[in-house]
Amino acid sequence: MLYENTTVKNGRLQFAGRDTVKLAEKYGTPLYLMDEAKLRANCRTYVNAMAEHFEKAIPLYASKALSCKRIYEIVAEEGMGADVVSAGELYIAKKANFPMEKIFFHGNSKPESEIEYAVECGIGYFVIDNPEELDAVNDIAGRHSVKQKAILRLTPGIDPHTFAAVSTGKVDSKFGVAIATGQAEEFLKAALSKENIEVCGYHAHVGSQVFESTVFYDEADIMIEFVARMREKLGYTAGIVNLGGGYGVRYTESDPHVDIADELRKVSEHIKSACEKYDVPMPCVIVEPGRSIVANAGMTLYTVQAVKNIPEYKNYVLIDGGMTDNPRYALYRSSYTVMLANKADKAGELEYTIGGRCCESGDMIQENVKLPTPEKGDTLAVLTTGAYNYSMSSNYNAVPRPPIVMVDGENDYVAVRRETFEDLAARDM
Ligand code: LLP
């Protein structure tokens, strides 16, 4: 099995030690399940490794991966800060009583109203993306008599070789300001001249679903070299270096396993030697994982509605959800492990395409997966859906979003209730 929290008992798929078919019966489908113990363990891996290997470090949860009150509560209890990319995520975090001083506000195109809201909330840090935002944060902070802490988003010029849509660190990126073109230096100069901004350091993010720490070594080298160069040129030594998120998770058996604690140890050694090489003090290091915190703590359950065999062409299993709750195959052709939860001990026979319920041919969850003979009423499980599923879900075809049910040992509870038809029409005037 992909992870230790998925097992098979009496022919049925178990998740976090619980019978998935029973959970599907209890809560209905489609259903997002989250394994609370796994989620907490994933947080602790980062918290403990960062504490062990770095003099000063802040692990942040990149909440774009999954943003709901309960997740913010758990992440805060586990001692992580959070990165938000919108006032909406910030609002949910605030509702969960997330400590505002541990919030980092990202985003490459922040509306002024959202900047204002974040300053009013008293968030810890802005991650300032561009000169226009710099001016806006300075003005708004001034109006609120605040000296706003901020770090600057830089573009290190690294291509992590993951899927293009999730790669963000290349020079031509829409995120941040490029080091290679000299613009980052100008950006820093401007930031240092702002009365209402305390420049605390730099941020970069190279990509997502990354399995190779060498990407982070290259990034750290470029960042530390920039720290050294700016100290020499402008007399400014950055106290924070934020390396972004990005460690990959196993969606299928062929994906490698990443030992995050060990990778962080290696990254820390790399940064230490870069600091020695350039003779700069070890900064406070931040990482901001999203996927590797929530992905493997999640699973989605569906009910099979129909099976279509088109002889010599294709076989479909049609489910009661699809791109509305998981658009990642439609968008990125992302791989997933798919199983029939009530036939989990049976061998796969034919290959099937998992078709969603939306009126769109591209609405698929996966193609060509081997399954034991499926029938209407079977429970279909898609593994590793905790990241970028709920947070990217939509109401296309006016399909209500599934609930998120947390499984915690013997306990299970609704963290986000199922959307209702009333919810769908609630904003219509
Ligand atoms: N920090 C920044 C600035 C980011 O842009 C991201 C992700 C993260 C941290 C977290 O990265 P992670 O640890 O989750 O890889 N929707 C895509 C993923 C987009 C990632 C965007 N940025 C997907 O479904 O694969």
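This is a predicted model: local features need pLDDT of at least 70, side-chain atom pairs count only at pLDDT 80 or more; totals for chains, interfaces and linings use all residues.
Entry 1: Then I checked how β2 (residues 12–15) meets β3, and found two bridges in the antiparallel sense. F15 sits opposite R18 in β3.

**Entry 2: around β8.** Next I went to β8 and its neighbours. On one side I looked at β7 (residues 103–105), which runs parallel to β8 and is joined to it by two bridges. F104 stands opposite Y125 of β8. With α5, these two strands make a right-handed β-α-β unit.

I then followed β8 to β9: they also run parallel, joined by four bridges. Here I128 has L152 in β9 as its bridge partner. Another right-handed β-α-β unit turned up, built from β8, α6 and β9.

Which way do the β8 side chains point? Y125 and V127 go one way, F126 and I128 go the other, and all are buried.

**Entry 3: helix α6.** I checked the length of α6 (residues 131–143). Its 13 residues reach 19 Å from first C-alpha to last, close to the 18 Å expected. Its buried residues are E133, L134, A136, V137, N138, I140 and A141. What covers them? The cover includes α5 (112–121), β8 (125–128), β9 (148–155), α7 (183–192) and β11 (197–203). Just past the helix, I noted that S145 has a positive phi of about 50°.

Definitions and conventions. Residues are numbered from 1 along each chain as its sequence is written. Side-chain values use heavy atoms; hydrogens and water are left out. Two strands pair if DSSP finds at least two bridges between them. The expected span of a helix is 1.5 Å times one less than its number of residues. Buried means under 20% relative accessible area, exposed over 50%, partly exposed in between (1.4 Å probe, protein chains only). Contact means heavy atoms within 4.5 Å. A crossover is right-handed if, with the strands pointing away from the viewer, the path from the first strand over the helix to the second runs clockwise.
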